[in-house]
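Subject: Structure handover

Hello,

Please find the structure below. My notes on it follow.

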Amino acid sequence: MFRRHIPHQLAGLLDGELPLAEKKRVEDHLAVCGLCREEREQVRMGMSMLKHLPPAQAPDAIWNAIESAWPEQQQRSVAWFRQWFGQWLPAYAVLAVAAVAGIAYWTMVHRHERLWEVVEIHGSPGGGQEPIRKVAGVGPGDWIETDASSSARITVGQIGSVDVGPNARLRVVTTSPLEHRLTLERGEIHAKISAPPRLFFVETASATAEDLGCEYSLKTDVQGLGLLQVTLGWVSFQWKGIESLVPAGASCRTRPHEGPGVPYFDDAPEELRNALENLATEKFAGSSLDTILRVARVRDTLTLWHLLSRAGVPDRARIYDRMAALTPVPADVSRDKVLELDAKTLTRWKEALAWTW
Amino acid sequence: MLRLGILSLVAAMLACAEGFTFVIGSPVASQQFQFKAATFVFRTDGCGDVGTQQVSATAEGVLKGERQSVALKVIPGSKPGIYAVFQTWPTEGQWIVNLKGTCGNASAGAIVPMGPKGFIRESAKFFPHPATESEIENALKPLMTGGKK
């Protein structure tokens, strides 16, 4: 089910203007939503400030200066205006200043919290609850949950959107302009991010997907068994020092207590994909690596490049030799440096190999 | 002496642009997030002075039986010598992208066929000269045959 926030009903609630049923619904929501309770206090404070502002008289010198500067006809208008509104004008001015200050304060306090919104909802939440039809802001600490018959779209500030599939549960962690982060407990999301890299993160139980300017789908169960599929750009898939760089057209599995596996292109030979699956359990002890090396195409150097840093030295040498046989090694990439897992050399090689991916 | 000087200069120019050619790749190769939605990216190899090179591209195709040509804007990347091509030609019909480049006196050309899932790397052709009209027509033929299937 979705949590439906009630920002537009708060002023009515405090003024006692809500119908009874609506009042009960809003109060029920406030009982379970810290974000809305905090917002209610902000609204209450603003209304209280306005009620306690004292009326004040403007000095005559102000009016004299205004009248002397205007032509006679306009002075008559000013006199009329002053007669009718003059005595309240200072109070209105104070109110206006207070309102502007209140809005500025509210905006400052809530700026980071209001960056995300649920903007589209399909189906209805389960459990016999009222279907949700309105958009709602979501902030840090909020959970978004869909049942078997519902899905939702969330805007992630100004940088993109996340489609939440059925039976998903996720929590908003951070909505700062410098970092947007959510935890996907279970289910599937599809993220489209148009911002510069490293602004959007999705955590699962066994890996964190870091956006490097991309579009991708990510699904997981509560234990952390999951799959990342990238359709545009790159995603960095990480866990405890392990990193898999997954480009468009490739996928990467993640497993509980192991983190992200080795990425592979979706059009890779089935034999390679099966062998990669077995390798994860064999830990290089069986014949799966032989199969991978045998059937790998030029494009599968994506998989081989990742295997370099996960294999022991003897296997690493075999992997290097197969890669060198598949595609020319750049002059500034030496075998020794690769076998030492020199980070600069591996990055240089990856950048060259990416022209074949 | 003058002849020797001229020969040396010509030799230096040729060496500078030795093996001048195009290399094509998927958008991820550019390592630039702004290019992630490009149709493909390409770079030049073998040009000693990347600042002097010039590249251009056109989409050549057949749409509803009519031969068409669309000038393309080639977007330079943040790294010198890397460019992106975005699709501005019609989604219908059969198309190739014709790349042309010069580096000093050297020139290069490439024909990159387009398929329903993007560029067809395996069918791309590279030339030490701009592709001729007949080379373009020959590249379009198999696409048109495939399109009728």
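In what order do the four strands of the open sheet in chain B lie? The order is β1-β2-β6-β5 of chain B, and the pairing is antiparallel. Strands here are DSSP runs of E with at least two residues, numbered from the N terminus, and two strands pair if DSSP finds at least two bridges between them.

This is a predicted model: local features need pLDDT of at least 70 and side-chain atom pairs count only at pLDDT 80 or more, while totals for chains, interfaces and linings use all residues. Residues are numbered from 1 along each chain as its sequence is written, and chains are lettered from A and ligands numbered from 1 in the order in which they are written.

At the edges of the sheet are β1 (21-25) and β5 (74-76) of chain B, each pairing on one side only. Inside the sheet, β2 (residues 40-45) and β6 (residues 82-85) of chain B run antiparallel and are joined by four bridges. Arg43(B) has Ile82(B) in β6(B) as its bridge partner.

As for the interface, 14 residues of chain A are in contact with 10 residues of chain B (contact: C-beta atoms, placed from the backbone, within 7 Å). On the chain A side, β9 (208-220) and β10 (226-239) are the elements that give two or more residues.

On confidence, the predictor gives the complex an ipTM of 0.82 and a pTM of 0.71. Chain B has a mean pLDDT (the predictor's confidence in each residue, from 0 to 100) of 87, with 85% of its residues at 70 or more. Residues 9-16 of chain B have pLDDT below 50, and this stretch has five contacts in the model beyond near neighbours in sequence.

Regards

Note on methods: Contact = placed C-beta atoms within 7 Å.
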